[in-house]
Amino acid sequence: MANVWFITRREFSSFFATPVAYVFIAIFLMLSGVFTFFIGNLYERGQADLIPFFNFHPWLYLFLVPAMAMRSWAEERKSGSIELLMTLPVSIGEAVLGKFLAAWFILALSLILTFPLWLSVNYLGQPDNGIILAAYIGSWLMSGAFLAISTCMSAFTRNQVVAFILAVVVCFLFVVSGSGIVLDAFEPWAGNLLLDTVASFSFLTHFEAMAKGVLAMNDVGYFLIIMVIWLYASLVVIENKKAD
Amino acid sequence: MISVKNLSKHYHHFKAVDDLSFDIAPGNIVGFLGPNGAGKSTTMKMLTGFLPPTSGDIVIQDKRYASDAKAIQRNIGYLPEGAPAYGDMTVWQFLHFIADVRGLKGAARKSRLFDVIGRVELADVLNRPIDNLSKGFKRRVGLAQAILHDPDILILDEPTDGLDPNQKHHVRQLIEDLSKEKIVVISTHILEEVTAVCNRVMIIANGQLRFDDTPNALRHQSRFCNAVSLKMSYAADISGLAELEGVEEMEIDRKTGLVTLFPEPGKHIFHVINEYVTQRRLPVETLTLEQGRLDEVFRDITTREVSHG
């Protein structure tokens, strides 16, 4: 387990050695501000909560998380350092987990740095801070699901652009699987059971309650399972394709 | 101890490594020779557990990759082809990361780090990102990484590629200074390197083992081995040389005027020729005992058609 921590630390400092982390955090903060105030109308609503802020998170993550994760394995493969990593006494599982955690911590950091918004609503009114904290945790969990998918896509290819596009597409399918875009394709032929199953994969549906501060067991469990499945898929992909 | 049996690696229909079997004992410094694409790197990748073999068996210190990958890899230092590293890290950060993963702790860690940095001469570039280093330095960082934990087995894929002659000499020195109880496997294109540092040569071509013996034995395969060549200052009658005892053949290069005398197998003819030359007071400018031409032997071994079966 110590190895996971070493890998996480290496990846984490690598995010800051390159401008990736700074750019990511800066863009995340800017966009979340823009969405919250201009599109979400935080002031005009006249309510002391952060729901407009959290509602835009799935759409922010949709592009930003794949951009952050696209290099994680594609770059290793391109530079050949994967050969170094895989011949060190580190298992693939440890490497996958270590890389994932490093990026997930960056996401946590980005979320923490949105604290001025929290200060603002506390200055303007009396929001329920428990709800806000729960929504933050929910958002972080969801970002982990985006990240696990993007990690897996990065493991598929040595080309970062391909990894990015694949990740955006797959993440998009998960985001909208509860809406007509995906369901219409199933509606003509699939039974209700399948339709409901597909709809239940939607990040939006699961995040809806979380954004309002409800951390239900099934929503939390859903995002955790998504993470585990996609990280395991990454492990299998790397195991089989590490030398290609 | 490394024991390899019937090792093969196929990519679709291409046989990169074809039925290799060999044992390497502690103390062996093996030079792995072969033309580009012969399967050297593929073999090394399998020895280090990066690539799974298509078929065959690799046993390293009584362990197999299927069950004990980590335990094996702890005892191996590996410099992959091209010396890949994490380019955005500084040399110092990178070596620390490797020390962490290799499980080095406390005082041992410190002394190993300083020892290796000194040996590979990295002190001047410790705080520079690896991406900004020259090819020679990158290679040395790769070497430092490989020897950091003082492994029993060292596998180096082209360790001197891209180094200048001084650095090459330095790396050879480094390899010679390692403990005599280690296994070292070096792949290279440079034939002189093999005779300089290795005590065993393995030549592979088309994925097959073509030669496995000492560098001396390799040299003995050359028809120039123990031949005597001489050069005259001016023309003289040398026909008598060809008649000397033990001389099988005489060749004269018309362009350079170099005369080469080949011995009968197993005979030493230098002293006979030397005596003859002095007695007759032949105008000999240089008289050399040939060591055998490795490049010729190499070409011969690697291009030879091998009969199957």
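Biologist: Where is Val120(B) found in chain B?
Modeller: Val120(B) belongs to helix α4 of chain B, residues 106-120, where helices are DSSP runs of H or I with at least four residues, strands are E runs of at least two, and both are numbered from the N terminus. This is a predicted model, in which local features need pLDDT of at least 70 and side-chain atom pairs count only at pLDDT 80 or more, while totals for chains, interfaces and linings use all residues. Residues are numbered from 1 along each chain as its sequence is written, and chains are lettered from A and ligands numbered from 1 in the order in which they are written.

Biologist: And is Val120(B) buried or exposed?
Modeller: Val120(B) counts as buried because 24 other C-beta atoms lie within 10 Å; the cut-offs are 20 or more for buried, 12 or fewer for exposed and partly exposed in between, with C-beta atoms placed from the backbone.

Biologist: Which residues does Val120(B) touch, leaving out those up to four places away in sequence?
Modeller: Val120(B) touches Arg140(B), Leu143(B) and Ala144(B), a contact being two residues whose C-beta atoms, placed from the backbone, lie within 7 Å. Phe137(B), 17 residues from Val120(B) in sequence, has its C-alpha 9.2 Å from that of Val120(B).

Biologist: Zooming out, what is the secondary structure of chain B?
Modeller: Chain B has 11 helices and 13 strands, and 38% of its 309 residues are buried. Its C-alpha atoms fill a box of roughly 75 × 50 × 30 Å along the principal axes. Of the contacts in chain B between residues at least 6 apart in sequence, 69% join residues at least 24 apart.

Biologist: What does the domain assignment of chain B give?
Modeller: It gives domain 1 (2-220) and domain 2 (228-290), with bounds that come from an automatic or database assignment, and the centres of these two domains of chain B, taken over C-alpha atoms, are separated by 44 Å.

Biologist: Which residues of chain B does the UniProt annotation cover?
Modeller: The unreviewed UniProt entry places "domain: ABC transporter" on residues 2-231 of chain B; its positions are in the numbering used here, feature names are shortened, and annotations may be inferred rather than shown by experiment. That span is 36% helix and 27% strand, and its end C-alpha atoms lie 48 Å apart.

Biologist: Changing topic, how many residues of chain A are in contact with chain B?
Modeller: In chain A, 19 residues are in contact with 21 residues of chain B. On the side of chain A that touches chain B, α1 (2-17) and α7 (81-87) each supply at least two residues, and α1(A) gives the largest share, six residues.
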